[in-house]
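Trainee: I'd like to learn how to read a structure like this. Can we go through it together?

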Amino acid sequence: MEIFFGAFTSEWEQRRAAFLHEASLGPKRRSSAEDEMKRRLRAMAELGGGGGAGGGGGSQPKTRRAAARSIFATEARSAAARPMEARLAAVAQGSQPAVVKMASYGGGARVGAMLNYVSRGGELAVENENGERISSREDLARLRGDWNHLFQNRAESRDIGSFTVEIAAAAVSSDEAMHELVRSSLTSAFGDRRYAYAVTRQADGALTVQGAVVLRSGQGERLSGDDKAASIIQARYDASAAAQDAGARFSFQGYGNGVEYGASKLRSLVERHDGNVRDDRGQVIADDKNAGDLVQKEWRGDLHSRKSRDVMHLIMSARADTNVAAFENAARDFLAEQFAGHRYVFAMHDPANDPKEKGEGGKRPHVHAHAIITMRSESGDRIETTPQVFREWRATMAQMARAHGIAMEMTDRREFAAPPAFTRNQVRPVSREGRTEHVGTSEAAQGRYDAKRGGRRSLAKAERSREYAIKATQSWQKIALASGDQRIVAYAEQQRDQLTASLSAGQAEATPNVVHADFDSKFRANLVTLQKLVLEGQDVRETSRAEFETYEKQVEKALFKLERSVGPDDRNDFDEVANLARDHVNQRRELLELHKQRDEAMAGQDRDEQRSAGRDDATEQWNAAVVKHGEAVVEAGNHVMIDIEHYREGLDRFEAGEFSSGDKDAMQDGLNQAVERAAQLAIEGNTYIGEVAERDPDLMRAIEEAGKKDAARPEEEKDKTPANVEATAEQQRDLRHEDAERPTNEPDAREAHELASTVDATNRLQDRVNKEREATQRGGETTRTDPAQQHIPRLEELERDEIERKERDRDDRER
């Protein structure tokens, strides 16, 4: 049977038809059918015939392409596809906002649990990217193996460990003295790690301490939270001064990842010990709130937590009265459009057939779909989750919903002055009846939760967000003026006024140039007044970008206020003057850019002149040294001085904390060897090294010590000198012997012999430099004998590791 994939209107239908066709062919023809299907899909993708809303069948997911765009490009593309005024007008008429939110990430090990949650323990059927329905637990279990090749399977970091310490009986006069003893013992073992503990006094006077500790130290050492870590901690304590006051035995009972685990352990500790819990600074942790604040606010930055991101849990929601079948089709098309090339499953959670009870989090009042999606596609591309990408997901979801008859629009909180959403780390659920109720894990988190649930108005503080809000205000004004429906007009005016109030509250009036206009009989005169006020800015020819942006906002704000008071008869005149005012602002912007380009060009010219002067100085210094000491002598000395400076720079970076101290000793050994080589060259007659040593006290000391050692060596060892020194000395002995036989009145001959000796020594030094260069170029064995070749790659490796560590830390803070 021949299948024409172009007959289907969306990509998921094509994939489903191809899968069913393949299954009907049987195992013998499955491979050839799969090849044929791939060939056809590739041809369709090249011809642009991917079909309807599904779009292309290309290997690169659209999330990857969307994430590569800038924020402005994404917003401009969304605005071109669906203008802001059209979206807001639809919302005013009753369209619901598109909701696509990230629930969580997970590693490969958590895929089974996530699939079990989505399918309600196998009671709900899930659908994969091919349109195949999976309803049995056995098939769900096989998905983990089918997806395994797409997982990194990176182990989660061990962030917080649970510990117990048994402290032998000690004489303590009070509770404070007891706590001082406990903290002294714990700090001696844990170092600068943060911890919290509770103490129980036994009948025999011994103390049992239970608590939680951050496993990563300030220096980056991370304990494993197991018996091996306990033995390390025990050894450190036994070697400390605190062990002389009281014996203690340390052990770990477990470990976990992240802030949630730490807060849970600390709250459990507070509950078991009735609030008699303290931290490493002696502060009392009296209740759950204090426990959450400690982990959220103070410990979070020390965790450097990381989790494997192999899959993501995505939720798409709609209102309670939404048609379930239409929303399911929209969710299916959205996933096929946005995650082409990725493996995924999704399931509908409809309150009508949800097997989970309300008290357990089921039977939600709204219809929604859960999707588990692999972060990496079959072609190796990873999903990038940024605010721009989430915005495009909502726009795509709204587009698919409208295609299935659901009135839905992509919305932005800046269009409604809505407060930011709270995250799952900032709250914890206390009731799952209907809409889940939460409490904040800190005061700031509680305030954010209350603002969101209470609908409190809030405006983003970034300049770009304020500009976006001004555009939204103008759109609401246009909707109110254009609509004849009083309900829509009232809604648009309400949103406009709320945005205007938020803008006014967020920024005080920064200038006295406020336009006061009466648009009655003196409309023309007031327009001239506005023009004069706008042109006042031309007196300042050069201004900063911040000052110009303030000036531009003042003009727009004045125009906006005037526009609100314009009558229908004066509309054309107002538009004319407003265009003139904006043209003038644009001219000032161009002037500002020209000044900026001129300053940059002049600064670049200055830098080029400085670099040229620096190169000229270095060349003059090199030429002067060659004339004074000889090229071979200067090259040999310069070679070893480069090694010395390299090791000194590496040690400075260790001292600055850019690298861990693990390889500092090796770097110091390399510096010592390089200094010894320089000192030996100076003793052998390298005058360039001797001149450099006059400005380098460390090198001068090394030369003096090497000279003393050379003077103390036995005669037979002194005979074992380097080849170039031995040849020079032998030649000098021959010259002295010849000088003794010659008459003393031949100074020219004696000077000639001395010159020949110097030239011969210089040539031998040149041969030595050439041999070292050849060995460096060949590589191989030189990396084991030349310390510079040993440590330069190691320093580069340390730099790369440090950069990667900082990037991981930044990602963890952003999450």
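Trainee: Which side chain makes a polar contact with that of Asp 159?

Mentor: Keep in mind that this model is predicted. For a polar contact, you look at the N and O atoms of two residues. Here the side chains of Asp 159 and Asn 257 are joined by one of 3.2 Å.

Trainee: Where does Asp 159 lie?

Mentor: In the loop between helix H7 (137–147) and strand E5 (160–167).

Trainee: And is Asp 159 buried or exposed?

Mentor: Residues under 20% relative accessible area count as buried. Asp 159 has a value of 0%, so it is buried. Leaving aside neighbours within four places in sequence, its contacts include Val 213, Arg 222, Asn 257, Gly 258 and His 304.

Trainee: Now the sheet. In what order do its strands come?

Mentor: The general idea first: strands of a sheet pair through backbone hydrogen bonds, and the pairing is either parallel or antiparallel. In this model, 6 strands make an open sheet, and reading across you get E8-E5-E7-E6-E9-E10, with antiparallel pairing. At the edges are strand E8 (248–256) and strand E10 (284–285), each pairing on one side only.

Trainee: How many bridges join E6 to E9?

Mentor: There are 2, between residues 195–201 of E6 and 277–279 of E9. Look for Ala 196, which has Asp 279 of E9 opposite.

Trainee: Which helix lies across E5, E6, E7, E8 and E9?

Mentor: That's H8 (residues 175–190), running at about 130° to E6.

Trainee: What about H9: which of its residues are buried?

Mentor: In H9 (residues 227–238), the buried ones are Ala 229, Ala 230, Ile 233, Gln 234 and Tyr 237. Seen down the axis, they fall within an arc of 140°, so they line one face of the helix. They pack against H8 and E8. At the start of H9, a side-chain oxygen of Asp 226 comes to within 3.3 Å of the backbone nitrogen of Lys 228.

Trainee: How far apart are the end C-alpha atoms of H10?

Mentor: You can check a helix by comparing its span with what its residue count predicts. H10 (residues 258–272) has 15 residues, so at 1.5 Å a residue it should span 21 Å; its ends are 22 Å apart, which agrees. Among its buried residues are Gly 258, Ala 263 and Leu 266.

Trainee: What happens just after H10?

Mentor: Asp 274 takes a positive phi there, of about 55°.

Terms used:
Residues are numbered from 1 along each chain as its sequence is written. This is a predicted model: local features need pLDDT of at least 70, side-chain atom pairs count only at pLDDT 80 or more; totals for chains, interfaces and linings use all residues. Side-chain values use heavy atoms; hydrogens and water are left out. Helices (H or I, at least four residues) and strands (E, at least two) are DSSP runs, numbered from the N terminus. Buried means under 20% relative accessible area, exposed over 50%, partly exposed in between (1.4 Å probe, protein chains only). A polar contact is a pair of N or O atoms within 3.5 Å; within protein, one must be able to donate a hydrogen and the other to accept it, and residues adjacent in sequence count only if both atoms are side-chain atoms. Contact means heavy atoms within 4.5 Å. Two strands pair if DSSP finds at least two bridges between them. Axes are lines fitted to C-alpha atoms, for helices over the stretch in contact, and angles run from 0 to 180 degrees between N-to-C directions. The expected span of a helix is 1.5 Å times one less than its number of residues. The arc is that of the directions from the helix axis to the C-beta atoms.
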